[in-house]
Amino acid sequence: GMSGSSSYGSNSGTNSGSNTASSATNSTQGTGMQQHDRDMVRQVQQQLSSQGFDAGPADGIMGEQTKSALRQFQQSKGMQATGELDGQTASALGVE
């Protein structure tokens with residue numbers, strides 16, 4: 001009867017372990033930085049254009065032109081020119 005008890009112990013251990021692991025990875029997934037709502041992107045484009053950075057039409061879409069305008073804006077502020085719309089960049093533009 002030894003083998004029965006030992007296999008039962010290892011089974012319960014792996015089950016609970018994999019459950020906690022999968023739930024942890026699920027919670028972190030799905031929060032993509034790139035999901036900006038179009039109203040905010042439109043405001044950013046308008047702000048960039050009004051300050052002389054050509055972000056293209058204010059269509060609410062983060063295209064290449066918008067990103068290059070963001071990079072120029074970030075450089076002008078002495079920030080890291082990532083071309084990404086992070087919180088620091090948004091507040092520097094006056095967009096919340």
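Contact here means heavy atoms within 4.5 Å. On that basis, and leaving out residues up to four places away in sequence, Val44 touches Leu70, Leu85, Leu93 and Val95. The model is a predicted one.

**Helix H3: extent and end**
- H3 runs over residues 64-76, 13 residues in total.
- From first C-alpha to last, H3 reaches 18 Å, close to the 18 Å expected at 1.5 Å a residue.
- Gly78 follows H3, and its phi is positive, near 70°.

- Thr66, Ala69, Leu70, Phe73 and Gln74 are the buried residues of H3.
- They lie on the same side of H3, because they cover an arc of only 140° around the axis.
- An α-helix has 3.6 residues a turn, so residues three or four places apart point the same way.
- Glu64 and Gln75, on the other side of H3, are exposed.
- The packing partners of the buried H3 residues are helix H2 (38-50) and helix H4 (87-93).

**Nonpolar core**
- The largest nonpolar core holds 14 residues.
- Val44, Leu48, Leu70, Leu85 and Leu93 have the most contacts inside this core.
- H2, H3 and H4 are the elements that give two or more residues to the core.
- H2 supplies the largest share, 4 residues.
- In soluble globular proteins, nonpolar side chains tend to be buried together.

**Where the two topics meet**
- Leu70 is one of the buried residues of H3.
- Leu70 is also among the core residues with the most contacts.

Definitions and conventions. Residues are numbered from 1 along each chain as its sequence is written. This is a predicted model: local features need pLDDT of at least 70, side-chain atom pairs count only at pLDDT 80 or more; totals for chains, interfaces and linings use all residues. Side-chain values use heavy atoms; hydrogens and water are left out. The expected span of a helix is 1.5 Å times one less than its number of residues. Buried means under 20% relative accessible area, exposed over 50%, partly exposed in between (1.4 Å probe, protein chains only). The arc is that of the directions from the helix axis to the C-beta atoms. A nonpolar core is a set of buried Ala, Val, Leu, Ile, Met, Phe, Trp, Tyr and Cys residues joined through side-chain atoms within 4.5 Å.
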